[in-house]
Amino acid sequence: MDARASVSIAVTWDTLLRESDAAAIVTPVEARSVWEAGRIYTYTRVHVDRAIAGELGASGERWVRTMGGVVGKIGQLVEGEAVLAVGRSSLLFLRAGPAGTLDVTARGQGQFPVVADVDPAKPARLVRSNATGALLPPRAVAGATSRLAADVLHGRVVEEAAGDIAAAWSRAHAD
Amino acid sequence: MRTDAVRAAVACVAALFASSAAENEARASCRTTTCPLPPEFSPSPAGCQPADFATYCASLDPPSQALPVWWRNACVSYDIQRDASRQVPYETAVQSFAAAFSKWTGVTCSDGALGSGPASVSVTNLGPVECDQVQYNSDQGNQHVIIFHDDSWPYNDPNNTLGLTTITFNPDTGEIYDADMEINSTQPLTVSGPLPADGYDFMSIITHETGHFFGMAHSGDDLATMFAHYIPGTTTMRKLTADDVTGICSIYPPDGMREVAMSVAASGTIPEDACDPTPRHGFQSQCAQPDGKGCAAADGDGGARSAALVAAAALIAGTRRRRRGPRSSVAGARI
């Protein structure tokens, strides 16, 4: 259920867009954890508050799968997974998982919690997730854009970020 | 000689000054807890958890307690999957992990009133194992296995995750039951020789991961091995800092006690169990065999089946909930 033990390469903006099937602001509604082949997985039912890009189907709710959770008297921690807490909204980059469920692209790096400003007159913003495990910068690739997704979205007003995602999505999924 | 009375007195003094000390806290090391930190929170020298953490944990589905995790036994084992990796041959892996673990178990703790000495945990390599899957079995033997994935990464993040540690624990106490580590060796790692400027140092990565194996969380100290960011081309994470030592000694102090939440033991401590590195429910080299009794039996289509079952159960449960109000979540088959 917790997330404290992984090492990952920081995901770039281009990669996060390219490897996702959809992006949306969602709010978790409930969670259920089950054993699958010796591991615990948690399925979280999320309400899709705002579909930003890609295909999420007609339903206003989807199930998102993450590793770790608690089943009865046993819990499992898998660091670097997205942390989906009931009632707390996030922008999620999503990809198809098993049996119609969704996985969070790049695990915790595909989650950007929505944080309200202390001034209620100001709009909510996205922040980078710290539930990502230890992060390493990506190796430089000649000719490639190396902006990190977290650098692009952290601190952005939700409305502005949604517009940028929608615009960049078209380019990333052009072919 | 350390006594419970001394420890209790220290705990009382610590509690008395906890709020003021937090503002000037020099120690940045943090412990992994059974409740996930809110993703927007980042540990810092000012604190390992947000102020409202207990409330946050209680609001989760299912509600959780923020208990630190810990190994009860004085001796813990690990095993390396016998195939190891093309990048890291078995013998190299044995030597590398022995070195990484020994950095943590070889520290000398210096803890004022509670005395000084080695950390009260040791680690034993039980040898190569056949099992190449992360799993915890409540009805069969286990192994704390280290697995390299050379050809494909079995999770949804093949291009980003380099190392993954899965810790299985008792959610009522925080006691660690099992820990398995996976290395994504589809990605290039620098195991020996000169470290390129953009290279990922294998020893740095596994020294960090073995810290998690013991229950260490990320530190707010940017010089610590347990800091959450690594600078490519560097080897600094190979060497523990004072902050790392403080962290491991707080979990496994020299007197062999385990500091736990008051809800776990009224004294706030539990004595370690006598040295026995055997995994919970016994040691076995092979992966567990499917028992065929429930939906969690280990087979290749478990994910799809469980997802379908969860979705179906949720539809039914959601209908009932709307009629009857909230109820507890579904329990799985194997614990």
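**View 1. Strand β1 of chain A pairs with strand β7 of chain B.** In this predicted model, β1(A) and strand β7 (residues 161–169) of chain B pair in the antiparallel sense over three bridges, where two strands are said to pair if DSSP finds at least two bridges between them. Within this pairing, A:Val7 stands opposite B:Gly163 in β7(B). Strands (E, at least two residues) and helices (H or I, at least four) are DSSP runs, numbered from the N terminus. Residues are numbered from 1 along each chain as its sequence is written, while chains are lettered from A and ligands numbered from 1 in the order in which they are written. Because the model is predicted, local features need pLDDT of at least 70 and side-chain atom pairs count only at pLDDT 80 or more, whereas totals for chains, interfaces and linings use all residues.

**View 2. The side of chain A that touches chain B.** The contact takes 64 residues from chain A and 69 residues from chain B, two residues being in contact if their C-beta atoms, placed from the backbone, lie within 7 Å. Several strands of chain A each supply at least two residues of this side, among them β1 (6–9), β2 (22–36), β3 (39–54) and β4 (61–67). β2(A) gives the most, with seven residues. The residues on this side of chain A divide into 33 nonpolar, 17 polar and 14 charged, where Ala, Val, Leu, Ile, Met, Phe, Trp, Tyr, Cys and Pro count as nonpolar, Asp, Glu, Lys and Arg as charged, and the others, Gly among them, as polar.

**View 3. Strand β7 of chain A and its partners.** Strand β7 (residues 90–96) of chain A is mostly covered, since five of its seven residues are buried; a residue is buried if 20 or more other C-beta atoms lie within 10 Å of its own, exposed if 12 or fewer, and partly exposed in between, with C-beta atoms placed from the backbone. Five bridges join β2(A) to β7(A), which run antiparallel, and A:Ala22 has A:Leu94 in β7(A) as its bridge partner. β7(A) also pairs with β9(A) in the antiparallel sense over three bridges, and here A:Leu91 stands opposite A:Phe112.

**View 4. The hairpin of β7 and β8 in chain A.** Three bridges join β7(A) to strand β8 (residues 102–104) of chain A, and the two run antiparallel. A:Arg95 stands opposite A:Asp103 in β8(A). Five residues lie between the strands of this hairpin, in which A:Ala99 takes a positive phi near 50°.

View 5. Helix α3 (residues 158–172) of chain A has 15 residues and reaches 20 Å from its first C-alpha to its last, close to the 21 Å expected at 1.5 Å a residue, the expected span being 1.5 Å times one less than the number of residues. In this helix A:Val158, A:Ala161, A:Ala162 and A:Ile165 are buried. Seen down the axis of α3(A), its buried residues fall within an arc of 100°, so they line one face of the helix; the arc is that of the directions from the helix axis to the C-beta atoms. The buried residues of α3(A) pack against β2, β3, β9, β10 (125–126) and α2 (149–153) of chain A. The face turned away from the buried side of α3(A) carries the exposed residues A:Glu159, A:Ala167, A:Ser170 and A:Arg171.
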